[in-house]
Amino acid sequence: GYLHATPIQERAIPRVLSGHDVLGIAQTGTGKTAAYVLPILKKLGYAQGEDPRCVIIVPTRELVLQVVEVIESFTSYMDIRAVGVYGGTSLKTQAKTVLEGCDIIVATPGRLMDIYKMQAILFKDVKTVILDEVDRMLEMGFSHQIQNLITLFPVKRQNLFFSATFPDKCQRIAEDFLEFPEKIEISPEQITAETVNQIIYHVPNFLTKINMLGVLLEDTERFNRVIIFSRTKAHAENISKYLERTFKEEVKTVHSNKGQNTRLNSIEAFREGEARFLVATDVASRGLDVSMVTHVINFDVPLVYND
């Protein structure tokens, strides 16, 4: 179904295929996942052995599932096995799945380390390691775990490093992780995608914001699929309750206190158009692939402006 390569795909795929380490700086939504998955599948070719040959590390559970979904869609006619592991679900079950054998493992840093400590995984066959959304991982406090994981992989390997922004912290990890990388910078940092129009409203406090939100959302025709980001879980809950009361519609809410299944079901319901509103903390601010969104509202200014 791909007709044209995006700029990151056009520049990254040949370099990944030729075995270079790659440092890619590109915004979320520019096709990064396919830029590294397609060449890796080409290099892996077919299922082989029990231990993973490619490790993909991402910051959130949602992203693990999304990357696995992408891999599965590309491998409909291949026997390559991809497994996703993440926190919030049974460690034993996931370890058992990994032990059954896989070619690609997609993981959050903490859970990958847990599975390694259980001796359910060996990294001796790993040929490629991919860190995706690295800036987000560092914001979430995974720096130490990433550094520890890097030391476990074979010295001779290909490394791919993708990040939407490239702050100093990222620079330090990149220096430890990459060897003579090819740098691909697709767009200047902190620039909004061209398809997005931005509007700012200066409002003094929570009550004014919530009332204004109500006024905007009365326009059901224009605001027909809306994501609302808040800085805290409490704000997310309050906004959801207000919307349910005001519009008598179901509102889906995603934050770290919600169970894993609830979060996934909420995103799925929003993606399918069953819910008009998705209220989320920045746990969901990266890599969520939902098309046909009409508006994204930052109820609070995010702690990290790039988000």
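**The sheet and its core**

Reader: What order do the strands of the open sheet have?
Author: This is a predicted model. Its open sheet has seven strands in the order β3-β4-β2-β5-β6-β1-β7, and the pairing is parallel.

Reader: Which strands stand at the edges?
Author: Those are β3 (82–85) and β7 (182–185). Each has a single partner strand, so one side of each is left without a neighbour in the sheet.

Reader: And how many degrees is the average twist from one strand to the next?
Author: The average is 15 degrees.

Reader: How many bridges join β5 to β6?
Author: Four bridges join β5 (residues 128–131) to β6 (residues 158–163). Leu131 stands opposite Phe161 in β6.

Reader: OK, helices now. What does α8 touch on the sheet?
Author: Helix α8 packs on the sheet and touches β5 and β6, with its direction at about 170 degrees to that of β6. Helix α2 (residues 32–44) lies across β2 (54–57), β4 (104–107), β5 and β6, and runs at about 165 degrees to β6.

Reader: Which residues touch the most other members of the largest nonpolar core?
Author: Leu112, Leu131 and Phe161 do, in a core of 35 residues. Helix α8 (residues 168–177) gives the largest share of this core, four residues.

Reader: What does Leu112 touch, leaving out residues up to four places away in sequence?
Author: Leu112 touches Val55, Ile57, Ile105, Ala107, Ile121, Phe123 and Leu149.

Reader: How many residues are in the other core?
Author: That core lies apart and has 28 residues, among them Val22, Val37, Ile56 and Phe162.

Conventions:
Residues numbered from 1 in each chain as written. Predicted model: local features only at pLDDT ≥ 70, side-chain atom pairs only at ≥ 80, totals over all residues. Heavy atoms only, no water. Core = buried A, V, L, I, M, F, W, Y, C linked by side-chain atoms within 4.5 Å. Buried < 20%, exposed > 50% of the residue type's maximum accessible area, 1.4 Å probe, protein only. Helix = DSSP H or I, 4+ residues; strand = E, 2+ residues; numbered from the N terminus. Contact = heavy atoms within 4.5 Å. Pairing = 2+ DSSP bridges. Axes fitted to C-alpha atoms, helices over the stretch in contact; angles between N-to-C directions.
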